[in-house]
Amino acid sequence: MSDHHGHDHHHATGIKRWLFTTNHKDIGTMYLVFSLVMFLTGGLMAMAIRAELMYPGLQLLDPNFFNQMTTIHGLIMVFGAVMPAFVGLANWMIPLMIGAPDMALPRLNNWSFWILPFAFSLLIYALIQSMLGHGSAPNFGWTFYAPLSTKYGPPSTDFFIFSVHMMGISSIMGAINIIVTIFNLRAPGMTMMKLPLFVWTWLITPYLLIAGMPVLAGTVTMMLMDRHFGTSFFDAAGGGDPVLFQHVFWFFGHPEVYIMILPSFGIVSAIIPTFARKPLFGYASMVYATASIAFLSFVVWAHHMFTTGLPLAGSLFFMYMTMLIAVPTGVKVFNWVATLWRGSITFEVPMLFSLAFVVLFTIGGLSGLMLAIAPADQQYQDTYFVVAHFHYVLVTGAIFGIFAGVYYWIPKWTGVMFNEAIAKAHFWCSLVTVNLLFFPMHFVGLAGMPRRIPDYSTQFADFNFWISIGGFGFGLSQLLFVWMLWKACQQRQGIKASNQVWEGAEGLEWTLPSPTPYHTFETPPLIK
């Protein structure tokens with residue numbers, strides 16, 4: 001048999017099903033499983049970093065290996081954990097939300113995914129070689145600034161360059177697929193301004209990927225040329241400019257951080273109305289705010305470069321643009337709070353993660369506003385204050401958003417309710433430990449502790465001890481998440497998912513098993 005696309009449905013089983021699948025749910029699942037594996041891998045590296053920094057004085061890691069850990073940790077978390085998780089959620093949910101039979105380009109979808117395990121194998125291969133004593137893995141930080149990465153990078157830098165190219169190809173293909181799907185496969189009558197906000201954020205995010213990823217590809221290509229083909233793009237001795245590297249990198253890198261947060265905005269905009277039992281406040285303004293953030297994300301890149309000797313006019317422009325991008329972000333936070341206002345709120349697990357997201361992401365946004373002030377940034381630059389800032393945005397922002405989305409949709413994926421006790425334990429342990437881990441970093445950063453160093457002055461010892469305790473606690477808390485997933489995916493266990501918010505509670509239809517998506521974007525009726 002074949003469907004209207006002419007695809008054969010001989011329902012392959014075992015490994016073939018996963019290798020050759022063009023089904024958006026299978027591919028979404030593979031993305032999510034892959035990102036979980038990468039999240040746990042990157043988390044182990046973070047714990048190695050925190051073990052080294054628990055006490056002053058070198059104890060565990062060779063300083064070069066410490067630098068490899070910080071580099072690979074950052075690359076894996078950004079490109080291997082956060083981005084594939086959001087693409088997995090997009091693959092699973094967008095066709096259901098717009099009433100489409102599948103993604104528009106199913107073969108491309110399969111290819112987009114299968115490139116990733118190979119890309120990350122290259123990166124991790126370099127690390128394993130280093131651990132076996134053969135050379136060094138990339139050790140120049142996840143932003144791989146020249147000339148550290150070009151002139152002084154180890155031979156394994158070439159593996160890293162190839163790996164980045166493959167990730168970029170995957171991202172661009174996935175982005176094209178999502179845009180084509182949303183524009184062409186919407187159900188009749190579903191106009192653009194009726195799209196769920198998650199779909200809107202995933203219509204805007206791919207444009208950032210398509211505009212940003214080729215710039216990253218150009219950056220690593222110039223690195224490759226500088227390393228092997230005698231060019232001097234980034235080498236001042238040959239008439240090049242190492243600061244050019246920072247411009248091309250951050251022209252990609254700043255939109256990239258919005259790629260990692262916009263889908264979270266969409267998830268939280270789905271969850272808060274559900275558990276506040278009210279329509280989202282200011283739907284249209286949320287759409288326009290998302291589009292404004294996307295546009296402005298391309299004109300703020302040099303706020304990462306205030307200490308490179310930019311002209312005054314340049315510093316002022318990037319300072320004001322960065323402050324301006326806080327406005328649409330503030331609009332979104334205001335709208336979430338207004339949605340909660342006088343709602344009939346219940347505190348289920350997806351809602352707990354969403355509320356934590358709103359509060360903690362806002363803390364990350366406020367420290368970002370501090371970093372936007374060019375003269376102040378001279379003091380904050382390359383201290384742990386910056387580390388605190390971007391981890392509040394990316395851990396309590398992006399990753400808490402992913403957790404919220406998984407808890408929100410997993411009954412739809414599996415047909416059974418997850419174990420609420422384990423899930424709540426996961427939330428509370430994560431919430432306490434993540435703040436113990438990242439909040440004190442603001443203090444050591446303001447006191448002058450630099451980033452990316454394996455050792456430090458004893459004045460920072462007490463805070464670093466507690467930061468490391470928080471780090472181990474947060475890492476171990478994620479085992480509760482894995483346990484919850486394991487139980488939920490054993491289809492036999494657990495209460496069958498109902499069409500109510502929880503068993504016995506009145507609420508919106510949100511846990512129906514996935515073949516019958518819920519499409520009413522009016523104020524939803526309470527289930528009688």
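Modeller: Let's jump in: helices α6 and α7 make a left-handed crossing. Keep in mind that this is a predicted model.

Biologist: At what angle do α6 and α7 pack, and how far apart are their axes?

Modeller: Picture each helix as a line with a direction, from N to C. Here α6 spans residues 197-228 and α7 spans residues 242-259. They pack at about 150 degrees, with the axes 9 Å apart. Anything over 145 degrees counts as roughly antiparallel, so α6 is roughly antiparallel to α7.

Biologist: Which residues of α6 and α7 meet?

Modeller: For contact, we look for heavy atoms within 4.5 Å. On the α6 side you'll find, among them, Thr-205, Leu-208, Leu-209, Gly-212 and Met-213. On the α7 side, the residues include Phe-245, Val-248, Phe-249, Phe-251 and Phe-252. Sort the residues of this contact by type and you get 15 nonpolar, three polar and one charged.

Biologist: Let me try another pair. How do the axes of α3 and α4 cross?

Modeller: The axes of α3 (residues 63-98) and α4 come within 11 Å and cross at roughly 165 degrees. That angle makes α3 roughly antiparallel to α4. The crossing of α3 and α4 is left-handed.

Biologist: And which residues make the contact between α3 and α4?

Modeller: From α3, the list includes Phe-65, Gln-68, Met-69, Ile-72 and Phe-79. From α4, it includes Asn-109, Leu-116, Phe-120, Leu-123 and Met-131. The contact of α3 with α4 divides into 13 nonpolar residues, five polar ones and no charged ones.

Biologist: Okay, on to the backbone. Which residues does a cis peptide bond join?

Modeller: Look at the omega angle for that. Between Ala-146 and Pro-147 omega is about 0 degrees, and the peptide bond there is cis. You'll find Pro-147 in the loop between α4 (106-131) and α5 (157-184).

Biologist: What is the phi of Phe-144?

Modeller: It's positive, about 35 degrees, although Phe-144 is not a glycine. Phe-144 lies in the loop between α4 and α5, the loop that also holds Pro-147.

Biologist: Is Phe-144 buried or exposed?

Modeller: Check its relative accessibility: under 20% is buried. Phe-144 comes out at 1%, so it counts as buried. Compare that with Asp-382, another residue that isn't glycine but has a positive phi, near 60 degrees. Asp-382 sits in the loop between α12 (374-380) and α13 (384-414). With a relative accessible area of 40%, Asp-382 is partly exposed.

Biologist: Now for charges. How many salt bridges does the structure hold?

Modeller: The general idea is that side chains of opposite charge can pair when their charged atoms come close. This structure holds five salt bridges. In one of them, the side chains of Arg-17 and Asp-26 meet at 2.7 Å, N to O. Arg-17 is partly exposed at 35% relative accessibility, while Asp-26 is buried at 10%.

Biologist: Which residue does Arg-227 form a salt bridge with?

Modeller: Asp-158, and the closest N and O atoms are 2.9 Å apart. Arg-227 is in helix α6 and Asp-158 is in helix α5, so the pair ties together parts that are 69 residues apart in sequence. Arg-227 is buried, with a relative accessible area of 18%, whereas Asp-158 is partly exposed at 25%.

Biologist: How far apart are Asn-335 and Phe-65?

Modeller: They are 45 Å apart in space, C-alpha to C-alpha, and 270 residues apart in sequence.

Notes: Residues are numbered from 1 along each chain as its sequence is written. This is a predicted model: local features need pLDDT of at least 70, side-chain atom pairs count only at pLDDT 80 or more; totals for chains, interfaces and linings use all residues. Side-chain values use heavy atoms; hydrogens and water are left out. Axes are lines fitted to C-alpha atoms, for helices over the stretch in contact, and angles run from 0 to 180 degrees between N-to-C directions. Helices (H or I, at least four residues) and strands (E, at least two) are DSSP runs, numbered from the N terminus. Angles under 35 degrees count as roughly parallel, over 145 as roughly antiparallel, 65 to 115 as roughly perpendicular and the rest as oblique. A crossing is left-handed if the near helix is turned anticlockwise from the far one by less than a right angle, and right-handed if clockwise. Ala, Val, Leu, Ile, Met, Phe, Trp, Tyr, Cys and Pro count as nonpolar, Asp, Glu, Lys and Arg as charged, and the others, Gly among them, as polar. Buried means under 20% relative accessible area, exposed over 50%, partly exposed in between (1.4 Å probe, protein chains only). A salt bridge is a side-chain nitrogen of Lys or Arg within 4 Å of a carboxyl oxygen of Asp or Glu.
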